[in-house]
Amino acid sequence: MKLDYFSKKRWTGVIFLAVFIVLSIWVASYTRFDLSRGLGSFVKAFNWTISSFYPDSASLVRLPAILIKLRETIFMAIASTTIASVFALFFALSGSKVTQVNSFLSIVSRGIASFSRNIPVVAWAMILLFSFGQSSLTGFLALFVATFGFLTRAFIESIDEVGHEPVEALKASGGNYFHIVFQAVLPMSLSQIISWILYMIETNIRSATLLGILTGTGIGFLFDLYYKTFNYHAASLVVVVIVIAVFFIEFLSNYIRRLIL
Amino acid sequence: MNPLLTINSLKKQYDEETVALNGVSFSVHEGEFVSIIGPSGAGKSTLLRCINRIIDATEGEILFDGLNVGNQNKGQLRKLRTKIGMIFQHYNLVNRLSVIENVLHGRLGYKNTFNGSLGLFTAQEKKQAFQIIEILGLEKQAYKRCDQLSGGQKQRVGIARALIQEPRMMLCDEPIASLDPNASKIIMDHLKNITTQMGITCLVNLHQVNVALKYSDRIIGIKHGLKVYDGPPKSITKNQIYDIYESEAGELILELKDQNEA
Amino acid sequence: MQIQESIYHLWINSTKDKSVDLLAKYNERKPFNKTSFAIKITLIALLILTIYSFYTFDYKNLIIIDAVKDTLINMRTMFFGASLRNFTILEGIRQVSFTLGIAFLATLTGGISAFFLGLLAAQNLSTKLVSNVVKGFVSFVRAVPTVLWVLIFAVSIGLGSTAAVVGLTFHSFGYLLKAFSESFEELDHGVIEALTACGANWWQIVFQAVVPSSLSYLLAWTFIRFEINFVEAVAVGAAAGAGGIGFELFMASARYFNIREVGAITFLILAVAIILELTSSRIKTKFIK
Ligand SMILES: Nc1ncnc2c1ncn2[C@@H]1O[C@H](COP(=O)(O)OP(=O)(O)OP(=O)(O)O)[C@@H](O)[C@H]1O
Ligand SMILES: [Mg+2]
């Protein structure tokens, strides 16, 4: 009986591990993933970085052009996040169980949000590219739709955290819907909401790079251009600029978070 | 007979302001049951943690069974720690594991990294674990997860984990501070039995002076990192206790025999 | 009755004066509220930056009304007239499986590396210096967009599943490291102390105390990352040509301009993404928080 307990536990572990390893190997062969090549690539990529993937003096000439595109990318991220957050807030208010007007509207808003975030941003980008072409609006709108979906879910969670008690307290003292939203729900969840907005701006700068490659806008476009023309020094300069920008924005938003949370 | 544990002018300084121990010396003989009493922040926990080097002392010397604790290298220290069991106020069990698994943790010091990490214990060790569990009256709980136990049961698991180490000494840091009177009595009785029947030396930090007086062979009083009393419970006076706790007479709830009144 | 009421009014009036007084005093001395000030400044800054953004955008002589109309028409075709042309539904499912496979492998490699480095990043298992070094390294890893990691590695090993997995590993690693090390840090310090006192060494403490205590969190976070990785794998497949359903999506739109096929592929991805999201949010409410 007592030895049973240990051997049962051990066998469960062994079988679980075995199944998992077999599954991994099968997936690796199905996708033609080569582990040794993957591991070897770290050495290769490291050597390649040292030998040719660094900004040299010639590439510095391109810095002004890169900075202009960086500005476009950052603004695309900020504008899409800000506007998406306004829409998301309305949808979250009608979607959250705490503040919903009725359950039908709640399901509809949750559904729309889920639809917009689960359709891959690539698909949005492609469909927008057809009519908006290589303008900044393509990237902006694609980011907007995906951000809207994500933020609605995040805001709903933040609002749900407020809970029913403060809402009931206000209802009991005769507050109407707008009193409840503006006096209880928003003040209590605003810090969280802003924290999510800042997080999304950080994320969107990275996503904007990807969208840029697809839609030919912003800094992603420049990276793609240099990369495809084998101008690796300039491409690496783009990476450096992105890293610095992301660090700066992360620093700023962490600073704001410390103040408000 | 040589003492089992000797502490010579032990000092521990955490940072510039906090000197937790300021030169404490005493020795403990095999088979003694010693209680350490003193107010909060006196340095009792610090003292126990220095003995098995959970924290390093700043100055001074600790000899355990003739070995200088401060000089041991990593491997030697692990071996030495197996000879010193430790139990805690908050039990410090892995809550998601079963009682028997927690008890077997006491054997980790004897095992190599591989067997210990994977929890591969020998049949002999498992048998021993069940014997100890039975002695402590936990046989019904053996396969229960520790987060389903009462405080008193958890502390008994803690004792079992220490006992399976086959220690020569037990360090107990406020073992009954979170327990009700009934459970406290059970735990203290077990600890006392461990000393009298198995010959394991016990060094117990206690906040309950009455309990200390009732169970101990010897009392050590600590205040502001200094030893202020060391002697049998029989000869300690009310005033000495008031002095240790820096309180006015009558503020403490004490039951001393008349002969101890001074 | 009347007397009572008048007394009541008198009493109310007398206290009213006092309370008005108190209120005035309170308002006078109302402390400068840093939090609400920071919130206001942040919101105003975002608003200004957003408006300014629209000035700086490159519109390329776009007629916005027409573009919006076009897009709506395209969306109608895409969602209501979805159909496959260049490949069968079976092929679509195979490509989705491929993308799921890439996501799975990246989650696996990212999870394993995050586990070991997460131990070093957890303050209760490591030293402050080591923990900070690891965290600094991770914030660099996260600052580079996933698609750039893929492209950088593609130079040395060529585009394909291996480069995609390696590239996706970086952000999985960064994300999971944070989640894992925070789960490790939840372990009560006393437990580590207790096992140290038993003579256990570091690895034994890790596998006998840390892992059993945090296993369900680790698995939950790993699954959540798998969900994210599926989306990322689709994106990388399209933007870096790394294969899978994302690449098909890219081909259908950028190469064949086939909106109906784009719609069909989108529905396929949507179905998988929603299943994954529902699963992961259930896991989240069950195991995390
Ligand atoms: N890790 C630490 N870092 C800094 N100072 C500490 C640390 N641990 C304890 N101290 C300080 O050392 C002094 C002695 O603490 P210790 O925990 O040994 O007291 P104690 O007698 O066990 O008290 P209690 O009865 O409340 O458990 C206290 O002033 C405490 O603040
Ligand atoms: Mg203490």
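A salt bridge is taken here as a side-chain nitrogen of Lys or Arg within 4 Å of a carboxyl oxygen of Asp or Glu. The model is predicted, so local features need pLDDT of at least 70 and side-chain atom pairs count only at pLDDT 80 or more, while totals for chains, interfaces and linings use all residues. Residues are numbered from 1 along each chain as its sequence is written, chains are lettered from A and ligands numbered from 1 in the order in which they are written, and side-chain values use heavy atoms, with hydrogens and water left out.

By the salt-bridge rule, the count over all chains comes to 26. Glu261(C) is buried yet has no salt bridge; buried means under 20% relative accessible area, exposed over 50%, and partly exposed in between (1.4 Å probe, protein chains only). Its nearest side chain of opposite charge, Arg85(C), is 6.4 Å away, where Lys and Arg count as positive and Asp and Glu as negative, with His and the chain ends not counted. Glu261(C) belongs to helix α11 (residues 259–287) of chain C; helices (H or I, at least four residues) and strands (E, at least two) are DSSP runs, numbered from the N terminus. Leaving aside residues up to four places away in sequence, Glu261(C) touches Ser83(C), Leu84(C), Arg85(C), Asn86(C), Phe87(C) and Ala252(C), contact meaning heavy atoms within 4.5 Å.

Next comes the interface of chains A and C. Here 71 residues from chain A meet 76 residues from chain C. The buried area is about 6,800 Å², with 77% given by carbon and sulfur atoms; this area is the accessible area (1.4 Å probe) that two parts lose on being put together, summed over both. Two salt bridges are counted between chain A and chain C, and Glu277(C) forms a salt bridge with Arg153(A), with the closest N and O atoms 3.7 Å apart. Ser24(A), in helix α1 (residues 2–30) of chain A, touches Phe104(C), Leu105(C) and Leu108(C), not counting residues up to four places away in sequence. Ser24(A) counts as buried because its relative accessibility is 10%.

Other salt bridges lie within single chains. In chain A, Asp224(A) pairs with Lys228(A), the closest N and O atoms being 2.9 Å apart. These two residues are separated by about one helical turn because they are four residues apart in helix α9 (residues 218–228) of chain A. Asp224(A) is buried at 12% relative accessible area, whereas Lys228(A) is exposed at 57%.

Asp189(B) and Lys185(B) meet in a salt bridge (2.7 Å, N to O), and both lie in helix α7 of chain B, four residues apart. What does Arg168(B) meet in a salt bridge? The partner is Asp65(B), at 2.6 Å, N to O. This pair links distant parts of the chain, 103 residues apart. Glu32(B), Arg218(B), Lys227(B) and Asp230(B) are linked in a network of salt bridges.

Ser9(B), in strand β1 (residues 5–13) of chain B, has a positive phi near 30 degrees although not a glycine. Glu174(B) likewise has a positive phi, near 50 degrees, and is buried at 12% relative accessible area.
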